[in-house]
Amino acid sequence: MPFGNTHNLLKMNYSAEQEYPDLSQHNNHMAKIITPEMYADLRDKQTPSGFTLDDVIQTGVDNPGHPFIMTVGCVAGDEETYEVFKDLLDPVIEDRHGGYKPTDKHKTDLNPDNLQGGDDLDPNYVLSSRVRTGRSIRGFCLPPHCTRGERRGIESLSVEALGALDGDLKGKYYALKDMTEEEQQQLIDDHFLFDKPVSPLLLASGMARDWPDARGIWHNDNKTFLVWVNEEDHLRVISMQKGGNMKEVFNRFCTGLTKIESLFKEKGHEFMWNEHLGYVLTCPSNLGTGLRGGVHVKLPNVSKHEKFGEILKRLRLQKRGTGGVDTAAVGGVFDISNADRLGFSEVDLVQMVVDGVKLLIEMEKRLEAGQSIDDLMPEQK
Amino acid sequence: MCNLHLNKGIHTSAAFRCILTNSTICPFFTWRVLFWFCRITMAGSFARILSSKRKVGILSLVGAGSLTVGFFMNREQHVSAGAHVRRIYPPSAEYPDLRKHNNCMASHMTPAIYAKLCDKSTPNGYTLDEAIQTGVDNPGHPFIKTVGMVAGDEESYEVFADIFNPVIKERHNGYHPCTMKHPTDLDSSKIRGGQFDDKYVLSSRVRTGRSIRGLSLPPACTRAERREVERVVVDALGGLRGDLTGKYFSLTQLTDQEQQQLIDDHFLFDKPVSPLLTCAGMARDWPDARGIWHNNEKTFLVWINEEDHTRVISMEKGGNMKRVFERFCRGLQEVERLIQEKGWEFMWNERLGYILTCPSNLGTGLRAGVHVTLPRLSKDPRFSKILDNLRLQKRGTGGVDTAAVGNTFDISNLDRLGQSEVQLVQTVIDGVAYLIECEKRLEKGQDIKIPAPISQFK
């Protein structure tokens with residue numbers, strides 16, 4: 001929809017070579033995978049809602065990438081994008097998700113009883129625990145492509161569903177465009193407020209159009225369950241609390257998500273999901289579970305160990321600074337979370353975080369006491 | 001090959017749904033074709049349903065039962081590709097929230113205009129939503145009134161005239177696009193005066209833009225179109241001779257030295273960061289097919305595929321505005337001749353003059369200005385009024401939205417549309433002469449007068 005890329009008929013007046021983007025300076029998944037032949041094959045296609053190949057790749061064309069960080073370089077405008085443009089997206093997904101094949105099936109497991117332990121992470125080390133994911137409402141276009149009417153439709157459906165939550169999930173919705181000064185300040189203090197995207201990765205795909213129309217934040221009264229509406233995805237769902245009781249966080253996460261899903265179903269809507277890609281979201285990097293479960297944990301000694309990177313890799317974990325992706329750690333406190341999204345279930349991924357963080361804390365205690373951690377080195381998961 | 005999924009129990013008040021799962025080769029259908037088919041096969045209630053719910057029409061039939069299922073299935077092989085099938089909302093549900101907005105588009109947009117234009121598109125497929133996106137995304141500044149909309153192609157100004165016309169009228173100080181004609185005059189021999197004392201005038205400059213007819217404008221152009229603009233213009237510039245002989249520097253191929261030289265010459269333009277431009281899609285595919293051409297003497301410069309197809313600039317140090325304008329006209333006319341040899345022409349019509357991306361640059365698209373030092377006059381409380389009456393505008397020497405440094409100002413014409421190039425440049429020359437006269441009088445301790453306001457449309 002945005003920026004005129006949907007005018008496929010006009011482009012057909014020119015040959016595929018004439019239209020092919022210059023990707024010579026580029027380093028992202030899309031640029032690695034796409035070829036002139038693939039472009040020629042796919043360029044006259046569009047999804048039923050009119051999303052085209054150029055719409056998919058515009059963000060990757062406009063953002064050549066970073067020599068060290070590999071961005072995805074493509075987005076979906078609707079659920080059908082992953083089908084119509086699978087010749088491009090399947091290899092991108094395979095590249096991004098550790099070899100996930102087009103024939104692989106993804107397992108969804110949101111039963112928190114299947115998680116072993118996780119309620120006893122040492123609070124002397126674990127400052128906070130958090131699980132997030134995203135959900136898309138089937139039948140609506142995704143943020144790069146949706147019209148204002150659709151976006152508002154998503155907002156009103158979501159607010160209606162969330163409004164029916166009760167118990168410890170009972171909460172309130174704050175529309176970005178109607179927020180009072182006090183509400184805004186409170187949301188900033190709670191670290192809940194999201195702002196208009198400034199990252200060119202997002203802007204180039206058209207996700208920030210019409211800001212702040214139909215965007216908002218919902219959270220429960222306890223401030224432990226939070227939903228972002230119409231930011232980078234239809235819904236981003238976050239469960240969090242201080243301390244190390246990841247089990248409780250995951251419990252609330254699963255309960256909340258399942259409740260929300262059934263509330264949507266009562267109104268005749270469902271989430272975008274299929275057994276190959278799991279939950280369908282805007283960015284291919286968030287397919288499958290879309291789940292990032294993590295803790296803020298103090299690891300001043302382990303983090304300085306020469307094998308820290310290797311340990312994380314074997315545990316299938318990822319480190320970030322406490323400001324989120326692309327920030328540096330402050331004072332030895334790291335954000336440790338699962339590296340995978342697709343090909344493992346939600347329970348699998350949170351289990352990896354719980355087990356992995358337990359091990360890291362044990363290593364930290366050993367190093368504090370001046371002991372070796374060689375016997376604790378894990379196998380590759 | 002084409003499966004129609006019916007969604008049961010989905011009727012909400014404002015939205016209707018249809019999902020088609022397509023594999024790669026699949027027919028689409030247009031609601032217009034459907035409507036036509038209905039009229040001849042199922043006159044009466046069906047056609048009435050369709051016509052009364054045009055916008056939500058076909059999708060509302062999806063849940064209505066097996067009759068429509070059969071109807072849809074039979075239609076597949078007759079349908080033509082190209083239409084979109086998606087959740088359709090009435091215009092009132094799509095109307096942008098402009099309550100906090102202060103730009104020309106927001107001032108003139110109404111639900112009625114939106115409803116009338118929202119499902120129209122230019123022959124290239126450019127839509128109203130695309131044209132106004134930049135104005136929706138950028139509410140504006142309480143003090144500066146931006147335009148808030150752009151054209152994706154020449155036809156935008158016709159197809160969306162109901163909103164463009166009032167915007168143009170407001171932005172161009174009352175020019176009536178429906179009733180008035182815009183004069184074009186690039187005969188520089190008509191200029192009187194225009195050679196200023198270097199003591200006051202540090203530099204002189206004239207700029208405009210030109211668009212190549214038949215190719216979409218920067219907000220909407222495809223990569224191939226943009227590359228075609230580059231090819232056509234660079235080819236023509238390569239034919240310039242004499243003092244206009246020059247060289248093209250493509251942004252994708254600049255060496256470090258070339259880049260530094262262009263920066264030192266103050267010629268290099270960079271990827272737009274202003275959200276006014278990026279929200280309109282003008283920075284897509286940067287820096288593909290963008291570049292800078294200048295003559296060897298560095299007095300005639302062309303930007304390719306920045307905010308317009310071309311921006312043409314003539315400039316030099318000192319106060320010889322007459323010569324700057326003479327070179328400007330000569331260069332423009334020569335470039336026009338060269339592209340015409342190859343069968344191309346500039347976008348122009350007698351209602352709007354030269355067609356450019358932003359409505360603010362229609363007509364002449366011309367800004368003629370000088371950097372002039374006016375230490376005494378600039379401190380006189382009558383300075384602004386004098387400028388107003390002379391139909392001049394002041395800016396800082398860094399360009400639009402910068403503050404003046406020292407006592408040096410950028411003084412240029414206020415108007416773009418409704419007067420010819422010769423008229424506007426003469427206005428600047430006469431006005432600057434008057435300002436210098438005032439400065440000289442103040443130097444001698446004499447008093448100055450506010451001149452009578454000059455007429456806008458001659």
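Where does Lys298(B) lie? Lys298(B) sits in the loop between β6 and β7 (300-304) of chain B. Keep that loop in mind. One point before going on: this is a predicted model.

Let me stay with Lys298(B) for a moment. Its phi is positive, about 65°, although Lys298(B) is not a glycine. Is Lys298(B) buried or exposed, or in between? Its relative accessibility is 30%, so Lys298(B) counts as partly exposed.

There is another residue like this in chain B. Asp285(B) also shows a positive phi of about 65°, and Asp285(B) is not a glycine. Asp285(B) belongs to the loop between α13 and β6 of chain B. Here the relative accessible area is 3%, so Asp285(B) is buried.

Pro287(B) is found in the loop between α13 and β6 (291-295) of chain B. The peptide bond leading from Trp286(B) to Pro287(B) is cis. Omega there is near -5°.

Chain A has a cis bond to report too. The peptide bond from Trp211(A) to Pro212(A) is cis, with omega near -5°. Where is Pro212(A)? In the loop between α10 (200-203) and β3 (216-220) of chain A.

Now the overall picture of chain A. Chain A carries 13 helices and ten strands. The radius of gyration of chain A is 21 Å, close to the 21 Å from the globule rule for 381 residues, so chain A is as compact as a globular protein of that length. The C-alpha trace of chain A spans about 70 × 45 × 40 Å along its principal axes.

How much of chain A is buried? Of its 381 residues, 61% count as buried. The accessible surface of chain A is about 14900 Å². Carbon and sulfur atoms account for 50% of that surface.

Contacts next. Take the contacts in chain A between residues at least 6 apart in sequence. Of these, 74% join residues at least 24 apart.

Charges are quick. Chain A has 44 positive side chains and 60 negative ones. The centres of the two sets lie 2 Å apart.

On to the cores. The largest nonpolar core has 59 residues. Which residues have the most contacts inside it? Val227(A), Met246(A), Ile336(A) and Leu360(A). Helix α13 of chain A, residues 346-368, gives the most to this core, with eleven residues.

Staying in chain A, look at Glu261(A). Glu261(A) lies in helix α11, residues 246-266. Its relative accessible area is 17%, and the cut-off for buried is under 20%, so Glu261(A) counts as buried. What does Glu261(A) contact, leaving aside neighbours within four places in sequence? Phe271(A) and Tyr279(A).

Back to chain B, and a helix worth a look. Helix α8 of chain B covers residues 128-137. Ten of its ten residues are buried, so the helix is largely enclosed by the rest of the structure. Among the buried residues are Asp129(B), Glu130(B), Gln133(B) and Asp137(B). Leu128(B), Ile132(B) and Val136(B) are buried as well.

What covers this helix? The cover includes α8 (148-163) of chain A. From chain B, the cover includes α6 (104-108), α7 (111-117), α10 (161-171) and α13 (275-278).

Asp119(B) is partly exposed, at 43% relative accessible area. By contrast, Asp129(B) in α8(B) is buried. Asp119(B) and Asp129(B) are ten residues apart in sequence, and their C-alpha atoms are 9.2 Å apart in space.

Pro177(B) lies in the loop between α10 and β3 (195-196) of chain B. Pro177(B) is buried, with a relative accessible area of 3%. Not counting residues up to four places away in sequence, Pro177(B) touches Asn165(B), Ile168(B), Lys169(B), Arg351(B) and Leu352(B). How far is Pro177(B) from Lys190(B), C-alpha to C-alpha? The two are 13 residues apart in sequence and 27 Å apart in space.

Conventions:
Residues numbered from 1 in each chain as written. Chains lettered and ligands numbered in written order. Predicted model: local features only at pLDDT ≥ 70, side-chain atom pairs only at ≥ 80, totals over all residues. Heavy atoms only, no water. Helix = DSSP H or I, 4+ residues; strand = E, 2+ residues; numbered from the N terminus. Rg over C-alpha atoms; globule rule 2.2 N^0.38 Å. Buried < 20%, exposed > 50% of the residue type's maximum accessible area, 1.4 Å probe, protein only. Contact = heavy atoms within 4.5 Å. Areas by Shrake-Rupley, 256 points an atom, 1.4 Å probe, with all protein chains shown as cover. Lys, Arg positive; Asp, Glu negative; His and termini not counted. Charge placed at Lys NZ, Arg CZ, Asp CG, Glu CD. Core = buried A, V, L, I, M, F, W, Y, C linked by side-chain atoms within 4.5 Å.
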